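The following exercises concern a single protein model. Work through each task with the structure in view before reading its solution.

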Amino acid sequence: QVQLVESGGGLVQAGASLSLSCASSGRTDIYYAMGWFRQAPGKEREFVSGISATGGRTAYGDSVKGRFTISRDSRKNTIYLQMNNLKPEDTAVYYCASGRTGSGLIVRTAATLFDSWGQGTQVTVAS
């Protein structure tokens, strides 16, 4: 099982920026697609962003397109989520996820396709 550790959450004002990190213990000789999901109180878990094992392909949920950017540092086995122009509706617990793939170009967006999850980090955006 891959261990994922998120960091970088916090409380910010609307319009501010925040960056999340997720360090993975996964082997670097195996392809892992990774992603970010979020869950607000009383709501279902929502796909935020995904990135392929090589970092060459990315995907975003409609609600964050143009504001969030996902990236990957393969040497550090870490992914990042840069969140700009944050809105109160972005308030949620953000989870990092990892799933083994057979290719470095696969991006996953469905939660069921990820088999390892981090503990989550709280992001709160005040209006």
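**Exercise 1.** Determine the handedness of the disulfide formed by cysteine 22 and cysteine 96.

*Solution.* 
Step 1. A disulfide is a pair of cysteine sulfur atoms within 2.5 Å. In this predicted model, the sulfur atoms of cysteine 22 and cysteine 96 are 2.0 Å apart, and the two residues form a disulfide.
Step 2. The torsion about their S-S bond is about -80 degrees, so the disulfide is left-handed.
Step 3. Strands are DSSP runs of E with at least two residues, while helices are runs of H or I with at least four residues, and both are numbered from the N terminus.
Step 4. A residue is buried under 20% relative accessible area, exposed over 50%, and partly exposed in between (1.4 Å probe, protein chains only). Cysteine 22 and cysteine 96 are both buried.
Step 5. The count for the model is one disulfide.

*Conventions.* Residues are numbered from 1 along each chain as its sequence is written. The model is predicted, local features need pLDDT of at least 70, side-chain atom pairs count only at pLDDT 80 or more, and totals for chains, interfaces and linings use all residues; side-chain values use heavy atoms, with hydrogens and water left out.

**Exercise 2.** Identify the salt-bridge partners of arginine 38 and state how accessible these residues are.

*Solution.* 
Step 1. A salt bridge is a side-chain nitrogen of Lys or Arg within 4 Å of a carboxyl oxygen of Asp or Glu. The whole structure holds six salt bridges.
Step 2. One partner of arginine 38 is glutamate 46, with the closest N and O atoms 2.8 Å apart. Arginine 38 has 5% relative accessibility and therefore counts as buried, whereas glutamate 46, at 30%, counts as partly exposed.
Step 3. Arginine 38 also forms a salt bridge with aspartate 90, the closest N and O atoms being 2.9 Å apart. This pair links distant parts of the chain, 52 residues apart: arginine 38 is in strand 4 (residues 32–39), and aspartate 90 is in the loop between strand 8 (78–83) and strand 9 (92–100). Both arginine 38 and aspartate 90 are buried.
Step 4. A network of salt bridges links Arg38, Glu46, Arg67 and Asp90.
Step 5. For another salt bridge, consider arginine 27 and aspartate 29, whose closest N and O atoms are 2.7 Å apart. Arginine 27 and aspartate 29 are both exposed.

**Exercise 3.** Is aspartate 73 buried or exposed?

*Solution.* 
Step 1. Locate aspartate 73 in strand 7 (residues 68–73).
Step 2. Its relative accessible area is 15%, so aspartate 73 is buried.
Step 3. Contact means heavy atoms within 4.5 Å. Leaving aside residues up to four places away in sequence, aspartate 73 touches Thr78 and Tyr80.

**Exercise 4.** How many helices and strands does the protein have, and what share of its residues is buried?

*Solution.* 
Step 1. The protein has zero helices and eleven strands.
Step 2. Of the 127 residues, 45% are buried.
Step 3. Among contacts between residues at least 6 apart in sequence, 60% join residues at least 24 apart.
Step 4. The C-alpha trace spans about 45 × 25 × 25 Å along its principal axes.
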